Amino acid sequence: RGMVFALRSKGEGQPQGTLGLYPRSFYLGARALRAVSMADFAVNREHRSVQPALMLMRHAALIAAQTFELIYGSPNPRASPIFAMASFKRIGDVHRYAKPLASAGHLSRHVPAWAARLSAPVADLALQAMDRIRELRSGSRLVCRPANWDDSAIDEIWARRPPSTLLSERTARMLSWRFGAPRHSAWQFNLAFDSDSVARGYIVWRNIEGFVEIGDFFTDTPETRTSLLIVSFTRWIRRKGARSISLEFFGSSAVAQQLKSAGMH
């Protein structure tokens, strides 16, 4: 269970700021770490000077440090200075990656409509050919299939995670809680299998009018197999009429390079 801290001003009944702590389980190989994410950090405009916001942040961090081994957050540009003053260390940036699957909409922004209609089929074939070339270069291929949140393959993939990478928990229980609950009905789930029918990774996704957002992805060898995972999902979701896929990522530079190798920009 999480907790929320409230910032109150003397003489005012309503809270003037909030900051939430959301516990998460992290793993470094077999070692489990109790972690907590700072989120929903907000301060009313009339109290938005540095002192009240910093007081709230430091108090929450002090309480969290008594229970958790790792405290982290993803602040927006306005909140970043407060995190820095509260002694948080910046370790990287979150980036959004995207990949076009159908070219008509993109071409129509640059050429007349009639030219976009004529050239789109050729451009779409080129996009598909590039993905096939990526698979041929790797010498391997994965096949994507829809699956259920309680599939035992999820825990099998998680059990084969790399021992030297710090990862938040990705068991079937966690994915079902985070994405599979009825209130999150838009999220769907695919497993990716190798030629021996062994599940090697998964994709969590949702389709918003042809624009597919990936909410989470994972493979048992992220630094070498992520590109194949994305390409296999691309091939499968393209047949469903998707126009593009996108995702947000923060993590290993090797995995970021794998995303680029899969045609994500």
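Is Asp-220 buried or exposed? Asp-220 is buried, at a relative accessible area of 4%; here buried means under 20%, exposed over 50% and partly exposed in between, with a 1.4 Å probe and protein chains only.

Before going on, the ground rules. This is a predicted model, in which local features need pLDDT of at least 70 and side-chain atom pairs count only at pLDDT 80 or more, while totals for chains, interfaces and linings use all residues. Residues are numbered from 1 along each chain as its sequence is written, and side-chain values use heavy atoms, with hydrogens and water left out.

Now the salt bridges. A salt bridge is a side-chain nitrogen of Lys or Arg within 4 Å of a carboxyl oxygen of Asp or Glu. The structure has 17 of them.

Asp-220 pairs with Arg-160, at 2.9 Å from N to O. Asp-220 sits in the loop between strand E10 (211-219) and helix H7 (222-238), and Arg-160 in the loop between helix H5 (152-159) and strand E7 (166-168), so the bridge ties together parts 60 residues apart in sequence. Helices (H or I, at least four residues) and strands (E, at least two) are DSSP runs, numbered from the N terminus. Arg-160 is partly exposed, at 32% relative accessibility.

Next, Lys-99 and Asp-131, whose closest N and O atoms are 2.8 Å apart. Lys-99 is in strand E5 and Asp-131 in helix H4 (residues 113-138), 32 residues apart. Both are buried.

Last, Glu-248 and Arg-96, with closest N and O atoms 3.6 Å apart. Glu-248 is in strand E11 (residues 244-249) and Arg-96 in strand E5 (residues 95-100), so this bridge ties together parts 152 residues apart in sequence. Arg-96 is partly exposed, at 43%.
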